[in-house]
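Student: Let's work through this one step by step. Where do we begin?

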Amino acid sequence: MAAVARRLGGGWSGLRSLGLGRISRPRLSLAGGAQRTLTTSHAVHQQQYTSLDEKPQFPGASAEFVDRLEFIQPNVISGIPIYRVMDRQGQIMNPDEDPKLPKDMVLKFYQKMTLLNTMDRILYESQRQGRISFYMTNYGEEGTHIGSAAALEPDDLVFGQYREAGVLMYRGFPLELFMAQCYASANDVGKGRQMPVHYGSKDLRFVTISSPLATQIPQAVGAAYAYKIGQEDRAVICYFGEGAASEGDAHAGFNFSATLECPIIFFCRNNGYAISTPTHEQYRGDGIAARGPGYGIISIRVDGNDVFAVYNATKEARRRAVAENQPFLIEAMTYRIGHHSTSDDSSAYRSVDEVNYWDKQDHPISRLRHYMVNKGWWDEEQEKAWRKQSRKRVMEAFEEAERALKPKLDNMFTDVYEEIPVHLQKQHESMQRHLKMYGEHYPLDHYEK
């Protein structure tokens, strides 16, 4: 954790450990040409002032005058480093960064990650068989979910995008409710009104997912601002992908969070693709973390396939966000192994070899398993037993969802208005008349009465 604190520490001085300084100051960031590198000799071009009246007085920037025409180059920073704790074989790289989590907590990490993976496989096949209408898997990104969720406090508020099921699972959302939501059954807390994978839980402080991209970002900032005003000692975490960071809502959210000094963690899952658009076609800068300093946001880039690195970074960012009332940006580098959704065929825009590399060589689940085996906490027999048990649990929840009735049809007209308005009353009556005349043409026995 020490390195995380240093990287996130001290405002702008902490960012210098990432290679990021005040980019508005010429001595740190200006470069004269595409091939030129920045050196301290540039300081000689700063003008010397004979009086305070000669210093820049512009209110919009913290800067000094220079007497040479130089543009800031986009490659002035060689590349923000990627913080990690363990290598691909599960070996701790720096003992000072080992979170030294107890065995039962690490086992919980692993079991939640693998349970999510098992649930994904069964629900994906369920959609392919026509049992549910839609699904999105989390393959390859399990470490970003579990590592970040474990670092939060139970009262912290979560705004997800649509690929954070593991966060909700870690918080205690049961398999039965995941299944009920995807099947839109009467057991669904959302009463079957949302399309699959649009989970939500008021009890677990997880705001219901909405389909429009990036709308959760300014909403999350508003919630964090409310916590600040109420002095509630709580934080907000907002998840999104690197593709969503191209939306205007991301700009609005970042800027508001910095100017209003909100206790929020922006957690970007940079998984390589915005549906079919690879990162090299999405932006020309150094990823998403590089954008943070421009907004005045302390930022860090982590190995998203290293659950301990994600945990350390999120825990430190959460601590400081609440203590100092300021936003933090975490960019977790990972890879989306599955298709974007069941509506996507990723073989049209990436190779099988590319996917296999991440699935076989750099998977967050296998990395954590290596760590556990190295510690003597896990072996092949335990692995087989857990895989069998986890599949059994998922299948039991799946079968329950298959048998469950759909919600009452009357629910279409409730829960929006305290008193149902006249136009909805008329629509309700029209539906009832229609079903009375033609009910035999509908599977009404599949719905609650």
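Tutor: Start with a term. A helix here is a DSSP run, H or I, of at least four residues, and helices are numbered from the N terminus. Keep in mind that this is a predicted model.

Student: Which helix gives the most to the lining of the largest pocket?

Tutor: The largest pocket holds about 470 Å³ of space. Of the 27 residues that line this pocket, the closest to its centre are Arg 121, Tyr 139, Ile 337, Val 355 and Asp 359. Helix H4 (103-128), helix H13 (352-360) and helix H14 (364-375) each supply at least two lining residues. The top contributor, with 5 residues, is H13.

Student: By class, how many polar residues does the lining of the largest pocket have?

Tutor: Sort the lining by class. There are 8 nonpolar and 6 charged residues. The polar count is 13.

Student: Which helices give two or more residues to the lining of the second largest cavity?

Tutor: This cavity has a volume of about 30 Å³. Its lining consists of Glu 176, Met 179, Ala 180, Ser 185, Asn 187, Ala 397, Glu 400, Ala 401 and Ala 404. Two elements give two or more residues: helix H7 (175-183) and helix H15 (380-403).

Student: How many residues of the lining of the second largest cavity are nonpolar?

Tutor: Take the other classes out of the way. The lining has 2 polar and 2 charged residues. The nonpolar count is 5.

Student: H7 and H15 also pack on each other. Roughly parallel or oblique, which is it?

Tutor: Two packed helices are described by the angle between their axes and the distance between the axes. The axes of H7 and H15 come within 9 Å and cross at roughly 40°. Angles under 35 degrees count as roughly parallel. The two helices are therefore oblique.

Student: Is that crossing left-handed or right-handed?

Tutor: Look at who touches whom. Leu 175, Glu 176, Met 179 and Tyr 183 of H7 meet Arg 393, Val 394, Ala 397, Phe 398, Glu 400, Ala 401 and Glu 402 of H15. By class, that contact has 7 nonpolar, no polar and 4 charged residues. H7 passes H15 in a crossing that is right-handed.

Student: Next pair: H8 and H9. Why is H8 described as roughly parallel to H9?

Tutor: The axes of helix H8 (residues 216-230) and helix H9 (residues 248-259) come within 7 Å, with a crossing angle of roughly 20°. That angle makes H8 roughly parallel to H9, because the label covers angles under 35 degrees.

Student: How many charged residues does the contact of H8 with H9 have?

Tutor: The crossing is left-handed. H8 brings Ile 217, Pro 218 and Val 221, while H9 brings Asp 249, Ala 250, Gly 253, Phe 256 and Ser 257. The classes are 5 nonpolar and 2 polar. That leaves the charged count, which is 1.

Student: Last pair. At roughly what angle do the axes of H5 and H12 cross?

Tutor: Gly 143, Thr 144, Ile 146, Gly 147, Ser 148 and Ala 150 in H5 meet Val 307, Val 310, Tyr 311 and Thr 314 in H12. By class, this contact has 5 nonpolar, 5 polar and no charged residues. The crossing is right-handed. The axes of helix H5 (residues 142-150) and helix H12 (residues 307-324) come within 7 Å, and the angle is roughly 35°.

Notes
Residues numbered from 1 in each chain as written. Predicted model: local features only at pLDDT ≥ 70, side-chain atom pairs only at ≥ 80, totals over all residues. Heavy atoms only, no water. Axes fitted to C-alpha atoms, helices over the stretch in contact; angles between N-to-C directions. Parallel < 35°, antiparallel > 145°, perpendicular 65-115°, else oblique. Left-handed = near helix turned anticlockwise from the far one by under 90°. Contact = heavy atoms within 4.5 Å. Nonpolar A, V, L, I, M, F, W, Y, C, P; charged D, E, K, R; others polar. 1 Å grid on protein atoms, 1.4 Å probe; cavity = no way out; pocket = protein on both sides within 12 Å on 5 of 7 lines; lining within 4 Å. Points joined across faces, edges and corners; volume = space filled by probe spheres on them.
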